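Keep it plain and give the cut-offs.

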Amino acid sequence: MTEPRDAVADLRRIAFLLERAGESTYRVRAFRAAAAALRGRDADELARLHASGGLTDLRGVGEVTARCVGESVSGEEPVYLRRLEDAVARADADGVPLAEAAQRLRESLRGDCHSHTDASDGGSPLAEMAETAIALGHDYLVVTDHSPRLTVANGLSAERLRRQLDEVAVLNERIAAGGSGFRVLTGIEVDILDDGSLDQSEELLGQLDLVVASVHSKLRMPCAEMTARMLAAVANPHVDVLGHCTGRMVTGRRKRPESEFDAQRVFDACAEHGVAVEINSRPERLDPPKRLLRLAVEAGCEFTIDTDAHAPGQLDWLDHGCARAVACGVEPGRIRNTRDAAGLLSR
């Protein structure tokens with residue numbers, strides 16, 4: 001008799017591949033909700049529910065996801081999953097994978113320094129993001145939810161951020177007990193305000209493992225004012241990474257031009273103050289543009305390659321940033337997340 005497959009793992013894998021392919025959030029949520037509804041139920045119980053037609057009586061399980069579960073508990077790879085995996089294999093055969101040097105760089109990355117959970121504008125809870133990072137082979141994941149003034153992204157107040165720090169501590173204890181060696185690192189994507197100050201208290205910023213500072217408002221500010229704004233933020237001793245520096249959007253319905261600032265001065269300041277320039281891997285951002293990325297290399301900057309993930313499947317977008325880093329001559333030794341957690345935090 002064929003051994004049953006892990007139905008929950010199959011559902012989560014489908015959700016992951018759908019996210020990776022940029023499919024609709026609605027479709028992804030259907031598979032992730034079904035996985036959550038079935039978590040903790042053993043294969044025998046799932047087989048009985050399938051045989052009786054009771055799977056769809058469970059909140060969060062629909063006809064399509066129930067069919068996948070039925071195939072899993074029968075020991076078969078779900079057809080839905082097989083089609084997605086076949087699409088990945090065909091893409092590889094067609095030469096979509098990164099060049100060899102970019103692939104080597106991707107394999108050298110130890111973690112991701114920019115990610116979001118459902119505490120702000122992400123789509124999944126902290127534990128789900130951590131589980132996916134572990135499955136991808138990361139040693140760490142820095143959680144950088146938004147700061148309070150970005151209300152459209154449900155930014156975290158000081159009180160909510162402190163609660164998240166407690167949640168991270170509890171999760172890390174649980175992960176450590178499992179022996180994986182993985183760590184969730186505390187962080188924030190803090191808004192750079194109009195005058196260059198940061199949207200969170202200095203005391204609380206000082207408690208975090210890593211601070212990504214980004215401009216999210218008044219992106220069309222005149223060049224001189226935007227430059228002064230960014231220089232003030234980069235000079236703040238709590239800032240570790242300058243996030244998506246131009247704020248551009250290159251695809252989708254929200255296309256947006258680059259902010260105007262004196263990039264040479266900003267990158268010189270990053271090099272002087274030890275602030276890494278983020279190579280943002282989101283397909284709609286791909287920020288900074290290659291000409292500015294090369295300028296940052298020439299200025300002597302260090303870098304992070306980050307996904308800015310707002311959902312678990314997006315944590316696999318590091319390839320985009322690696323390809324751009326190789327194309328622009330970024331040496332692996334200047335990329336901070338090629339280092340282990342201790343090395344990342346030692347600047």
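The report below goes from the whole chain to single residues.

## Basis

This is a predicted model, in which local features need pLDDT of at least 70 and side-chain atom pairs count only at pLDDT 80 or more, while totals for chains, interfaces and linings use all residues. Residues are numbered from 1 along each chain as its sequence is written, and side-chain values use heavy atoms, with hydrogens and water left out.

## Overall fold

The protein chain contains 14 helices and seven strands. Both are DSSP runs numbered from the N terminus: helices are H or I with at least four residues, strands are E with at least two. Along the principal axes, the C-alpha atoms fill a box of roughly 70 × 50 × 40 Å.

Contact means heavy atoms within 4.5 Å. Of the contacts with a separation of 6 or more, 75% are between residues 24 or more positions apart.

## Surface and charge

Of the 347 residues, 51% count as buried. Buried means under 20% relative accessible area, exposed over 50%, and partly exposed in between (1.4 Å probe, protein chains only). The accessible surface of the chain is about 15600 Å², and carbon and sulfur atoms make up 49% of this. Areas come from the Shrake-Rupley method with a 1.4 Å probe; for residues, only the protein chains shown count as cover.

There are 43 positive and 56 negative side chains, and the centres of the two sets lie 4 Å apart. Lys and Arg count as positive and Asp and Glu as negative, without His and the chain ends. Each charge is placed at NZ of Lys, CZ of Arg, CG of Asp or CD of Glu.

The loop between strand S6 (276-280) and helix H12 (290-298) contains Pro288. The peptide bond from Asp287 to Pro288 is cis, with omega near 5°. Leu286 lies in the loop between S6 and H12 as well, and has a positive phi of about 40° although it is not a glycine.

In H12, the buried residues are Leu292, Leu293, Leu295, Ala296 and Val297. Their cover includes helix H11 (263-273), S6, strand S7 (303-306) and helix H13 (318-327).

Lys218 is in the loop between strand S4 (210-214) and helix H10 (223-234). Its phi is positive, about 50°, although Lys218 is not a glycine. Lys218 counts as exposed because its relative accessibility is 54%.

Ala232 is found in helix H10 and is partly exposed, with a relative accessible area of 34%. Leaving out residues up to four places away in sequence, Ala232 touches Asp195 and Gly196. Its C-alpha atom is separated by 9.5 Å from that of Ala269, 37 residues apart along the chain.

## Cysteines

A disulfide is a covalent bond between the sulfur atoms of two cysteines. Here a disulfide is a pair of cysteine sulfur atoms within 2.5 Å, and the count by this rule is zero. For Cys301, the closest cysteine sulfur is in Cys270, 5.2 Å away, so the distance is too far for a bond.

Cys301 is buried at a relative accessible area of 0%. Cys68 is buried too, with a relative accessible area of 4%.
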